[in-house]
Amino acid sequence: MEIPLLTLITFIPLIGLFTIFFASKNNHRLIKQVAIIAAAIPLILAIILYTQFDFTTPGMQFVERAKWIETIGASYYLGIDGISLPLVLVTTLLTLLALVASWNIDNRPKQYFALMLLLEVGMIGVFLALDFILFFIFWELTLFPMYFLIGIWGGPRREYAAIKFFLYTLFGSIFLLLGILGIYFYSGLNTFDMFKLAESGLSLPVQKWSFLAMALGFAIKVPIFPFHTWLPDAHVEAPTAVSVLLAGVLLKMGGYAFIRIGYLVVPQGIKAYAYPLAVLAVISIIYGAFAAMVQRDLKKLIAYSSVSHMGFVMLGIAAFNKNGVSGSLLQMFNHGTITGMLFLLAGLIHERTHTREIPELGGLFSPFPLIAGIFSLTAFAALGLPSLSGFVGELLILTGSFGVYRAFTVIAALGIVITAGYMLWTIQRVCMGPARKYGNPHDADWRELSTLVPLIAIIIFIGIYPMPILKVIYPAVTRLISKAGGL
Amino acid sequence: MAMVAAGLLVLLADLVAAKEKNRLLASLSLGGIALSLVLTLTLIGTKGTTLSKMLTVDPFALFFKVVFLLSTFLVILLSLDTLSPPGSRPGEYYTLVLWATLGMMLITSTTDFIMIYIALELISISSYVLAGYRRLDPKSNEAAMKYFLLGLLASVITLYGFSFIYGFTGFTELKSVAQAITPQTGRIVITLGVILTLAGFSFKMAAVPFHQWAPDTYEGAPTPITAFFSVGPKVAALGVLIRIIFVGFPVFKPTWQLLFIILSIFSMFIGNLLAIPQTNIKRMLAYSTIAHAGYMVMALAVASERALTGALIYTIVYLFMNLGAFAVVIAYTLAGGSENIPDYQGLSKREPTLALAMAIFMLSLAGIPPLAGLWGKLFVFWAAIEENLIWLAILGLINTLISLYYYVNVIRYMYLMEPREKKPLAVSLPLKSAILIGALPTIILGVYPDPLIKLSQISISAFLR
């Protein structure tokens, strides 16, 4: 009998959730252990998936279909290909690391870990769903765990940040739903199967309008300027592990959706708006970089750098060719690891120094050589230093967009310079200089290191040898582009 | 017909039994409902009329009967503890509830105006008394008075509307009426009749602008009765309107479609916007039900087969999530809490299961997947898009967003704040069962709505033949 690998990966966290539900709320240790196991198993399964993956075929693999809501034509339809595989890997990995990093949560751990696991189900489901209703439900499923996670365990302005995130994202989701329903109707096929809808020959106006509607939802998630204003607040107020998942995974849901739904189902729609998308992408890059430069709060700085990096991702997507889109996917994978790391480190620094204000930090190399060292390395990766993974992604994106949007590529490259500017300056302000007196002077312990080392290893490895990820991405992207017809 | 028997039985038992046999009477009532439910289910598949063509049996009627029976079952569970204190006179309470339910079942099973009116009065009069059941509470009296005076006016207007239609066509039976009119003849008279009828039933549904009684009545009435009103009469009005409009006046579609659209838009916006500043949870839920009436009326405005299917789906998910929410309110009030929303703060720490249940109901009312409330809204909005009323669907979606604010507000108090006292709450078994009965379908139907969808489709397609 075939093992439904994808269903297992998606729903094992749910089993973990139920187990936690029945555990006593005072048995913190047990709750945390169960949660970590429930997050580790999907990661292991995802790695097995990778080893079993056929790198030569561009189509969907490990497909699982079942009847679900026949009356409206929604089916339970999961599949994975070169586009979703890296994202599933990064999701399972980051969730596990985020849970390990959450070991010290003592305020209502039962609900915290339960919500995190529920979040994982939603995130993985989004990347695997190939039926629009299923996709929509998983997409929405991530909303309310985030609301609680930010609102209960967050910083001083957590209530504001949480409700802003919820309403803003929901607003986008409404338009997403409208777009989906529009496609459903005008295809006349009475199905929500993404592939069937893609082949149904939707007319150009339908494609354009539904893309616009859905794009609003995606754009809020990515986030693209000017729909990014929920991000800084959400990131700053969220607890560390939640920020890791927010930046590392949730933002990717937007980028993935542009590729998967935009290119697959409404290719003419996305092509019609590729140019405006590129414009917004470049604005995001520059705006995000400059905004990061003036931040005093370390987490806010990282948040704006996320906006800037996702701008690169969007530029690659808007370029509509193999290099651009592959670069975007790779960069999404990278950004997950890099920015995930940055937030983990910011959390560690905050725990030790009790501040996130950069002017109050400084000289971290002295008391915390490990943390400061890894932080510097990660910052280098974020600015795209060659031999680290960020460089490969950015290179591919710029190569792809150079042929299509020459001017934008130049501007984006300038964006790299600005990024280098604020990143290096941050390293200098935070890690170098005279050491200050900090309360809790011990460096990263083995548990914290265990969350950092895997990510650093990946960042360095992919930086030198990106093929393991690229060979996964290339076939699927090539097919997607050729089917959509290049720009 | 079992309902008649049950009602009579309870009344008799109340007279005969010892003064305060609350549990016994409740059990009798529940038993009667269960029996009715079983009998109703055995009628599935049959079609016909009885009582000299006054009553019809079709899947549409059966669907609504099941809805009312389920709703009343839950309401009685909710009422058990409220009626425990001495001097509560539970016998008459249960009898009135059963009579009202009977009225509701009748009103959706008939195609004759006279029968409709009789059933309407049966529902209304029972409701007036039930609203004022707490004779010593001035708020309850106020609730009853407002409901009675305005309700009387509404009933009279409805009757006036009927009289126009009868006067013009000479018939009281819907199908005959439909055959007697054409779009050209008697246009003004019929339009007037339809408008008046609509007005009367919109009152019952608490649709804007006929909703003014609802917040005060909902707030003042005993909470189980509020819960009863929020589902029963509203759904009954919806059902009978569907029958009247679609059987009797399909030719006048442009007229009533416009009316329904206006009703729907106003109800949604006013309901949702006015719910935001409320601090009393019963009033908030009252405005929320006004908004939900708006969504249901949207289905009538769209008037396609899919829209009506959506309306039916909506009634079932609405029944569970709304009664569930009220169950939590009753549980909290009986355990010592107040009706003020800020008083719910920290409930998640004091009584996590109760808070979780409320959170589920709030999110489902807002229409968040993967809970059942999503499907009701989805179908209705979907139907609107299908019939080229996209802008109406967009308005509905905007309203969903607005409503989210006040639903999440409750969740915010329960989860994001610290409780003032730490001790856990005592929740009785009937209430726990009611909450569970509300919560389980809300979750299960949210993930697997297919059976419900199929059921609704069958009911509607049979109806439209």
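**Exercise 1.** How many cavities of 30 Å³ or more does a search of the whole structure find?

Solution. The model is predicted, with local features needing pLDDT of at least 70 and side-chain atom pairs pLDDT 80 or more, while totals for chains, interfaces and linings use all residues. Residues are numbered from 1 along each chain, and chains are lettered from A in the order written. A cavity is a set of points on a 1 Å grid over the protein atoms alone where a 1.4 Å probe fits but cannot get out. Its volume is the space filled by probe spheres set on the points, which are joined across faces, edges and corners. The search finds 5 such cavities.

**Exercise 2.** Describe the lining of the largest cavity.

Solution. Step 1: this cavity holds about 170 Å³. Step 2: 17 residues line it (an atom within 4 Å of a point), and closest to its centre are L177(A), G367(B), L374(B), L397(B) and T400(B). Step 3: at least two lining residues come from each of α5 and α7 of chain A and α16 and α17 of chain B (helices are DSSP runs of H or I, at least four residues, numbered from the N terminus). Step 4: the lining divides into 12 nonpolar, 3 polar and 2 charged residues (Ala, Val, Leu, Ile, Met, Phe, Trp, Tyr, Cys and Pro are nonpolar, Asp, Glu, Lys and Arg charged, the others polar).

**Exercise 3.** Which helix gives the most to the lining of the second largest cavity?

Solution. Step 1: about 50 Å³ lies in this cavity. Step 2: its lining includes H309(A), Q331(A) and G390(A). Step 3: α15(A) gives the most, with 4 residues.

Note on methods
Heavy atoms only, no water. 1 Å grid on protein atoms, 1.4 Å probe; cavity = no way out; pocket = protein on both sides within 12 Å on 5 of 7 lines; lining within 4 Å.
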